[in-house]
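Please look through the model with these short notes beside you.

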Amino acid sequence: MFEKFPHLESLEQKIIKINDQHFFDDKFQIIAGPCSIEDEAVMDEICSFLSENEIKILRGGAFKPRTSPYSFQGGGITSLEIMKKYAEKYNLLTITEALGFESFDIVSDITDIIQIGSRNSQNFELLKMSGKQTKPVLLKRGFMNTIEEFLFSAEYIANEGNKNIILCERGIRTFEPSTRNTLDINSIAMINQNLNIPIISDPSHATGRRDLVEKLSYSSYWAGADGIMLEIHPNPDKAISDGQQTIDFNTLEKIIKKIKEFKNYNV
Ligand code: PEP
Ligand code: MN
């Protein structure tokens, strides 16, 4: 199957370079932040926590793909400016979603990594657009896409010239109603075993339940993920969006500690 993706297959190393930093060499990356970019006080608290815990990449949405048009749609440029301000204060890199053509240039000017969300995973024009520029792209798996379709989406980006791609397994829709999605651990193992492209896991969107995020983080690690992206908040019940799947600082500290133990176990 992998011969269908000549650009992905030709990748020799997973390293993503941002300024003078290297990511996805042998270090497991934890990316964390709120679902939607919060107000200044909360962002200050979150960024301070990330920097204390040596997390280098802050996530947060400003242009949000919401199922209902009546849900909060994200704080737009104002939120991006807040994100940038606190990322700079604590020396963090940022990742945020470009939802469409209108927001693409604004997002790509301000952020270090451009996220293409699950719902846009087969928006081929947007994929081509992100392939024509040089910033790293975090491509989330479409929740109705097979692994093959997911990889073709990444191939679209690479085919335009941009090979700085990070894949993200964020769960697929199945017949199981007790979780928001089903984390497809198989895809992580399969991509890890066959390609030199970073693949991270998003247990927050994959489960939709904060009580499951910790265990699915460990499962992702053992399946071969190169990192995890987690929604965090000092007070998850107060998060602007996706509070039900957002973990608090203590839970993230526990996850970091455990993953460090795994690393020791591994050597
Ligand atoms: C997100 O990470 O903010 C998000 C909206 O995720 P997804 O595209 O996977 O639903
Ligand atoms: Mn979310």
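1. Start with a term: donors are N, O and S atoms within 2.8 Å of the metal. Keep in mind that this is a predicted model.

2. Which residues coordinate the manganese ion (ligand 2)? They are Cys-35 (SG), His-205 (NE2), Glu-231 (OE) and Asp-242 (OD), at 2.0 to 2.4 Å. Along the chain, the donors of this ion follow the spacing C-x169-H-x25-E-x10-D. Two of them link distant parts of the chain: Cys-35 sits in the loop between strand S3 and helix H2, Glu-231 in strand S10, 196 residues apart. Both Cys-35 and Glu-231 are buried.

3. Now helix H9, residues 210–223. Its 14 residues should span 20 Å at 1.5 Å a residue, and the end C-alpha atoms are 20 Å apart, which agrees. Buried residues in H9 include Val-213, Leu-216, Tyr-218 and Tyr-221. Just after H9, Gly-224 has a positive phi of about 110 degrees.

4. Next, the rings. The model has 9 aromatic pairs. Phe-28 and Tyr-221 have ring centres 5.2 Å apart and planes at 65 degrees, so this pair is edge-to-face. Phe-28 lies in the loop between S2 and S3, and Tyr-221 in H9, so the pair ties together parts 193 residues apart in sequence. Both Phe-28 and Tyr-221 are buried.

5. Tyr-221 also pairs edge-to-face with Trp-222, at 5.0 Å centre to centre and 85 degrees between the planes. Is each of these two residues buried or partly exposed? Tyr-221 is buried, at 8% relative accessibility. Trp-222 is partly exposed, at 44%.

6. Finally, Phe-28, Tyr-218, Tyr-221, Trp-222 and Phe-262 form one aromatic cluster.

Key:
Residues numbered from 1 in each chain as written. Chains lettered and ligands numbered in written order. Predicted model: local features only at pLDDT ≥ 70, side-chain atom pairs only at ≥ 80, totals over all residues. Heavy atoms only, no water. Helix = DSSP H or I, 4+ residues; strand = E, 2+ residues; numbered from the N terminus. Expected span 1.5 Å × (residues − 1). Buried < 20%, exposed > 50% of the residue type's maximum accessible area, 1.4 Å probe, protein only. Donors = N, O, S within 2.8 Å, 3.2 Å for Na, K, Ca; no water. Phe/Tyr/Trp six-rings, centres within 6.5 Å; stacked < 30°, edge-to-face > 60°.
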